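Subject: Structure for your review

Dear colleague,

Please find below the structure that I would like to hand over to you. My notes on it follow directly after.

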Amino acid sequence: MCGSYVRSLMQKRKSTRSFSFEELSTSLLNEVDIILQLGQKAGNKKSVRGRLVLSSSERETCFIASGFQEVIRKAPYLILIGNDDAVLSESYEGKHIESLGCQNASIAAQNLLLYLTEKSIGTCWVGGFENTYLQKKLNLDFRVWVMLCFGIENMEVGI
Ligand SMILES: Cc1cc2nc3c(=O)[nH]c(=O)nc-3n(C[C@H](O)[C@H](O)[C@H](O)COP(=O)(O)O)c2cc1C
């Protein structure tokens, strides 16, 4: 077998949809945005955005936007990961911006997901949601591509 650490993280990661109430440290939460920004970005522009959803009313908006997916309500932490298309438009003569933005956000989300996996923090990638509704209701100045739920997994499920 190849002793690849990245491979082992990829194998360890599974979607978590049941969480404990355990809080994560402030230093870890601070690290989240840094991790999002560490990935490669189209045009090397700083266009990737991460926005933690903090209030319960915002959480409810995300829940509705996701078509009422319970994991959005249950996860202790939820971050919206997207791309500021206006910043990215300064490159590539303004072409292919939507697709490039989606790729930027997906790379950032996957990097974060593997980082959290390494810390034994459960994640659930939610990509099925109504972005127009979300962006308008939360007054966001960037396009959201991924809603990433995370937190300590509830290990007692099914016992
Ligand atoms: C692009 C993408 C979109 C996804 N959207 C959702 C979603 O809206 N809701 C959800 O519960 N899971 C979603 N998932 C998680 C997948 O359902 C899950 O990764 C897949 O079933 C494999 O299970 P695993 O993650 O446990 O390996 C998404 C995953 C990806 C990669």
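I begin with a contact between two helices, in which Val-32, Ile-35, Leu-36 and Leu-38 of helix H2 meet Ala-108, Asn-111, Leu-112 and Tyr-115 of helix H6. By class, the residues of this contact comprise seven nonpolar, one polar and no charged. Please bear in mind throughout that the model is a predicted one.

Two packed helices are described by the angle between their axes and the distance between the axes. Here, H2 spans residues 26-38 and H6 spans residues 97-118; the angle between them is about 130 degrees, and their axes lie 8 Å apart. Angles over 145 degrees would count as roughly antiparallel and those from 65 to 115 as roughly perpendicular, and H2 and H6 are therefore oblique to each other. The crossing in which H2 passes H6 is right-handed.

The second topic is the ligand. Its surroundings consist of Lys-14, Ser-15, Gln-69, Val-71, Cys-124, Trp-125, Val-126, Gly-127 and Gly-128. Strand E3, residues 122-126, supplies the largest share of this shell, namely three residues.

Is Ile-121 buried or exposed? A residue with 20 or more other C-beta atoms within 10 Å of its own is classed as buried; Ile-121 has 20 such neighbours and therefore counts as buried. Leaving aside residues up to four places away in sequence, Ile-121 touches Leu-24, Leu-116, Phe-150, Gly-151 and Ile-152.

Because Glu-153 has 18 C-beta neighbours inside 10 Å, it counts as partly exposed. With residues up to four places away in sequence again left out, the contacts of Glu-153 are Thr-16, Ser-18, Phe-19, Ser-20 and Gly-122. For one of these, Ser-18, the separation from Glu-153 is 135 residues in sequence and 6.1 Å in space, from C-alpha to C-alpha.

With kind regards

Key
Residues are numbered from 1 along each chain as its sequence is written. This is a predicted model: local features need pLDDT of at least 70, side-chain atom pairs count only at pLDDT 80 or more; totals for chains, interfaces and linings use all residues. Axes are lines fitted to C-alpha atoms, for helices over the stretch in contact, and angles run from 0 to 180 degrees between N-to-C directions. Helices (H or I, at least four residues) and strands (E, at least two) are DSSP runs, numbered from the N terminus. Angles under 35 degrees count as roughly parallel, over 145 as roughly antiparallel, 65 to 115 as roughly perpendicular and the rest as oblique. A crossing is left-handed if the near helix is turned anticlockwise from the far one by less than a right angle, and right-handed if clockwise. Two residues are in contact if their C-beta atoms, placed from the backbone, lie within 7 Å. Ala, Val, Leu, Ile, Met, Phe, Trp, Tyr, Cys and Pro count as nonpolar, Asp, Glu, Lys and Arg as charged, and the others, Gly among them, as polar. A residue is near a molecule or strand if its C-beta atom, placed from the backbone, lies within 6 Å of it. A residue is buried if 20 or more other C-beta atoms lie within 10 Å of its own, exposed if 12 or fewer, and partly exposed in between; C-beta atoms are placed from the backbone.
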